[in-house]
Amino acid sequence: MPILDKIQLQKAATFKLGVSNISENQVQAAFWRQGVSRCQLCLYKHGKKQKITMEPMRASGIQDVFSVIIEGERIAQRMNGLEYDFIVDGEHVADPYARVIAGRDHFGKPHKHIYGKFEFSPFDWTGERWRPLAEHQMVMYQCHVRGFTKHASSGVDAPGTFAGLQEKIPYLKELGVNTILPLPLYDFDECIRDEEGNPTGRVNYWGYTGNAFYFAPKTGYSSGRISAVEELKTLVKSLHQNHMNLILDMYFVDKTPEFILECLRYYVLEFHVDGFRINQESMDTSWLRLDPVLSHTKLLAGSWGRQPENRNRPVCYEMNDGFLVDARRFLKSDEGQTANIYKRFKEQGDGVGLIHYITQHNGFTLRDLISYDVKHNEANGERGRDGTELNYSWNCGVEGPTRRRQVVQTRMQQERNAFVMLMLGMAVPMLLAGDEFGNSQKGNNNAYCQDNVTTWLDWRLIERNQKTYRFVKELLAFRRKHPLYHQDRPLTGLDMKGRGAPDVSCHGKEPWVIDFSYYSRKLGILYYGSYFEGQSLYFAFNFHWEEQEFYLPDVENDKEWKILVDTAETGKKIADNGIYMMPARSITVFESVCNRPAEADRKKKKNSKKRT
């Protein structure tokens, strides 16, 4: 008895590769490879196998494409869940367009055979509330689907899966992030093999490999309760219900532009994802921003060039290591960095959005950035030859873990400095998962092959680093509320409206005196509140190893400066003459407030009596 009975076969008339349900009673399958002379669709169910002959589409003028339409009552429902592959000139080949993959069900376990699986189940998107976030609302968070909840301390019911990530949405929302960027979550081959194709026992944990099925969510990231497709859709729906977005990291290798465009459209139309990070060498990215579907999403790449400006809904976002390098060098007090950090801290895209980060998956975590001078990748088994040497890090006096009080205090201060530089700049900030509670990889700056506690987040660190966690939450809450970060026009550095000061301006030790000299490590940045209908903010940076004198600018006669953030936590106060002694290696954020509140209250009461 065949797996499918009472069916009829027809020639396909449409050029759509892979498998698709044309209607409830029609399913199409199509395969292409250059030079193919014969092709069959092979179905599998409980050890049974059925072969269906596919005919070439040469009558339509298309060479090397074999296809078939299978007709039968409720055929889509009957085929749902069946496994399949193609027999191409006698060789079994998995469908590169497969929507579900069978054979890689368990992460890190080598597979013998890979099959596609028919997936025609409907999904209920009712109540989703799918709305893209505006640039000024975005706070990004990079994580690994498996490593985010795989550790026993995560406390989720389905660790290391899409469902596990969904369980952590309340945590992410409370932290203040709203745009999630996971490492690749399509079905890639994580098992590293030798030259003969045999498994070595090592894994490519990150997923940036060429052997991938890009249309299929990774089965190894599914809890097994439902299909990977349904579990990912459920995650996306839950994110959207919580006013959050999901951006996919897509690393294409040796794929045509047509394949890439079809794949990305599929994830938008079927999974409702909000955007993509693309490796630019894979195709001409101008195709993406001109696409009728993709032009309504967020597109992340290393660079774009100038684009037509849209402050409220840019399509293209630049995401590269420019800020990372400059911020790290300024943080460790390198010479010649003052001008760079002024540019980076205030910069906004020229027709594109900007995404800044000081750490990402590739490199040190933030806690390691302030704890190690050099990489420690011995566990990778590559004799220390892997991973960058250009970490721009400083261990604050001791390499690795220490209990020396002064070193620990310096590290915590440097950590707060890094968070202020990242979270309170004008570009969209991206936080690396776990940095908010001091996650460490023990100095490994290239943990691509570590599927263990090195890369799994230890959630017990939240309790041990409550102060750091609260500091990040408070910075993100401030960013979310302050009008400086929610403008509909870019800053110019000019007093365009004649209000007495530019919208943003640069200062040194003294107001309006810029010091970009090679040995300068002092910087002041003023955001003038009159331009964004809020309180003025003044950021003072001192990355000299000794305390320095700062003269605060006086731009509003009826206001005085109040300290909002002091990363040194020294409790220093502003002198009556407006001089502030900046602690070494620290950042202080000031906000302008009314300087005579008691006088204002007295006048208010007096005017009230006159009206009576």
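**Exercise 1.** In this predicted model, how do the residues lining the largest pocket divide by class?

*Solution.* Start with the classes: 14 residues are nonpolar, 13 polar and 14 charged. The lining has 41 residues in total. R367, E415, G438, N465 and T468 lie nearest the pocket centre. The pocket holds about 970 Å³ of space.

Next, assign the lining to elements. Two or more residues each come from α10 (366–369), α11 (405–423), α12 (461–464), α13 (466–481) and β28 (559–566). The largest share, eight residues, belongs to α13.

**Exercise 2.** Describe the second largest pocket and its lining.

*Solution.* Its volume is about 470 Å³. Of its 18 lining residues, L17, W32, Y97, T256 and F259 are closest to the centre. By class, nine are nonpolar, two polar and seven charged. β3 (26–32) and α6 (257–271) each supply at least two of the lining residues.

**Exercise 3.** Which strands stand at the edges of the five-stranded open sheet, and why is one side of each left without a neighbour?

*Solution.* Write down the strand order: β24-β25-β26-β30-β28, with antiparallel pairing. β24 (504–507) and β28 are the edges; each has a single partner strand, so one side of each lacks a neighbour in the sheet. On average, neighbouring strands are turned by 20 degrees against each other, direction ignored.

Now look at one pair. Six bridges join β25 (522–527) to β26 (537–542). In this antiparallel pair, Y527 stands opposite L537 of β26.

Technical notes: Residues numbered from 1 in each chain as written. Predicted model: local features only at pLDDT ≥ 70, side-chain atom pairs only at ≥ 80, totals over all residues. Heavy atoms only, no water. 1 Å grid on protein atoms, 1.4 Å probe; cavity = no way out; pocket = protein on both sides within 12 Å on 5 of 7 lines; lining within 4 Å. Points joined across faces, edges and corners; volume = space filled by probe spheres on them. Helix = DSSP H or I, 4+ residues; strand = E, 2+ residues; numbered from the N terminus. Nonpolar A, V, L, I, M, F, W, Y, C, P; charged D, E, K, R; others polar. Pairing = 2+ DSSP bridges. Axes fitted to C-alpha atoms, helices over the stretch in contact; angles between N-to-C directions.
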